[in-house]
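Have the structure open while you read.

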Amino acid sequence: MIVKPPFGDDDVAVDLRGLRVRPLQPTAPRGAADVGRLLSRAVDYPVDGPGLLELARQARNAVVVVPDATRRIGLPECLPVIFNRLLAGGIPAPSVTVLIACGTHPAVDEAEAAALVGDLPNGIVLRQHDSRCASELAAVGELRPGIELRLDRRAVETDLLITVGGVKHHYFAGLGGGPRMVFPGIAGHDEIQANHSLVLRRDRGGLERHPRCEPGVLEGNPVAEEIARAADLRPPELALCVVPGRDGRAAFAAAGSWRGAFAATVECAREWYELPARQYDHLVGCGGGRPGDATLIQAHKGLDAVCRFANPGAEVLFV
């Protein structure tokens with residue numbers, strides 16, 4: 001059997017002929033045939049709270065927080081649904097900002113940012129969060145005693161904060177999307193580093209990975225639990241949580257408070273993307289192609305996933 005793991009914008013052929021090969025693949029379907037209809041239903045009939053159109057009628061301005069390119073959810077299909085409600089609700093286009101939640105990831109050039117979000121209605125502003133720019137951050141409370149939490153000032157001060165995020169497994173924060181669009185997505189650099197340091201704990205004078213900092217684990221996960229507390233300090237008025245299908249396009253969605261929408265999508269993500277924990281002696285894995293393998297820090301998440309299926313002493317070919 002010849003397999004072709006994604007590699008950048010292409011793939012790489014790996015010759016496994018003569019071996020018994022077992023593909024480890026999620027059961028997720030492809031994205032919805034009509035993504036617009038799927039997302040429209042989510043924002044018009046949220047799991048809790050008012051729909052997006054009603055929220056827009058009560059606001060003078062809005063900030064829409066979206067993931068950067070390392071978290072693919074098909075924004076050009078998602079965002080028109082939101083813009084339609086905001087403009088219909090009376091918010092003028094120049095009063096709408098799309099804010100890319102870079103966290104500590106580097107910003108991209110204007111062309112890449114524009115390609116990420118797709119065509120925007122005339123007047124809507126596109127910005128990228130900068131976690132190191134203190135003048136763009138505003139304090140909202142304490143992350144934990146002695147550590148101030150700062151978030152992007154535009155998101156803190158807006159009338160209507162909307163987040164759009166893909167709910168998929170994260171290798172130490174449990175699951176992505178939901179509260180992570182607020183924190184660490186649009187937070188200050190120092191606070192993000194403090195949170196991510198919780199993945200390690202002291203053990204007999206050394207350090208070990210916290211046993212609850214695992215994919216899909218939220219309860220007892222110190223990183224995930226602090227993220228939730230942080231998001232509650234400036235919760236979005238509406239969170240749109242999307243579970244992508246195996247092609248990266250939206251396949252399931254829920255909207256409402258971040259807690260309500262996140263809970264509604266977490267179980268779907270677990271059902272589609274978790275596999276029985278069988279162990280193997282030989283494995284082939286990859287970083288998922290661009291942008292998942294654009295940097296080592298992103299690509300190694302694929303290696304972390306592959307090694308969960310490895311016997312002690314197993315051989316892993318990582319593309």
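## The chain as a whole

Of the contacts in the chain with a separation of 6 or more, 71% are between residues 24 or more positions apart; contact here means heavy atoms within 4.5 Å. Keep in mind that this is a predicted model, where local features need pLDDT of at least 70, side-chain atom pairs count only at pLDDT 80 or more, and totals for chains, interfaces and linings use all residues. Numbering runs from 1 along each chain as its sequence is written, and side-chain values use heavy atoms, with hydrogens and water left out.

The chain has nine helices and 18 strands, both taken as DSSP runs numbered from the N terminus (helices are H or I, at least four residues; strands are E, at least two). Its radius of gyration is 20 Å, close to the 20 Å the globule rule gives for 319 residues, so the chain is as compact as a globular protein of that length. That radius is taken over C-alpha atoms, and the rule is 2.2 Å times the number of residues to the power 0.38. The C-alpha trace spans about 65 × 50 × 35 Å along its principal axes.

Buried residues make up 47% of the 319, with buried meaning under 20% relative accessible area (1.4 Å probe, protein chains only).

How well does the length of α8 fit its residue count? At 1.5 Å a residue, its 16 residues should span 22 Å, and the end C-alpha atoms are 21 Å apart, which agrees. The expected span is 1.5 Å times one less than the number of residues.

The buried residues of α8 include Trp 258, Phe 262, Trp 272 and Tyr 273. They pack against β11, β12, α7, β15 and β16.

Ala 269 sits in α8 (residues 258-273), while Thr 163 belongs to β10 (residues 160-166).

| Residue | Relative accessible area |
|---|---|
| Ala 269 | 0% |
| Thr 163 | 1% |

What does Ala 269 contact, leaving aside its neighbours within four places in sequence? The list is Val 167, His 169, Leu 175, Val 243 and Glu 274. Ala 269 and Pro 291 are 22 residues apart along the chain, and their C-alpha atoms are separated by 21 Å.

Thr 163, not counting residues up to four places away in sequence, touches Val 65, Met 181, Val 182, Pro 236, Leu 238, Ala 239 and Leu 240.

Terms used: Buried means under 20% relative accessible area, exposed over 50%, partly exposed in between (1.4 Å probe, protein chains only).
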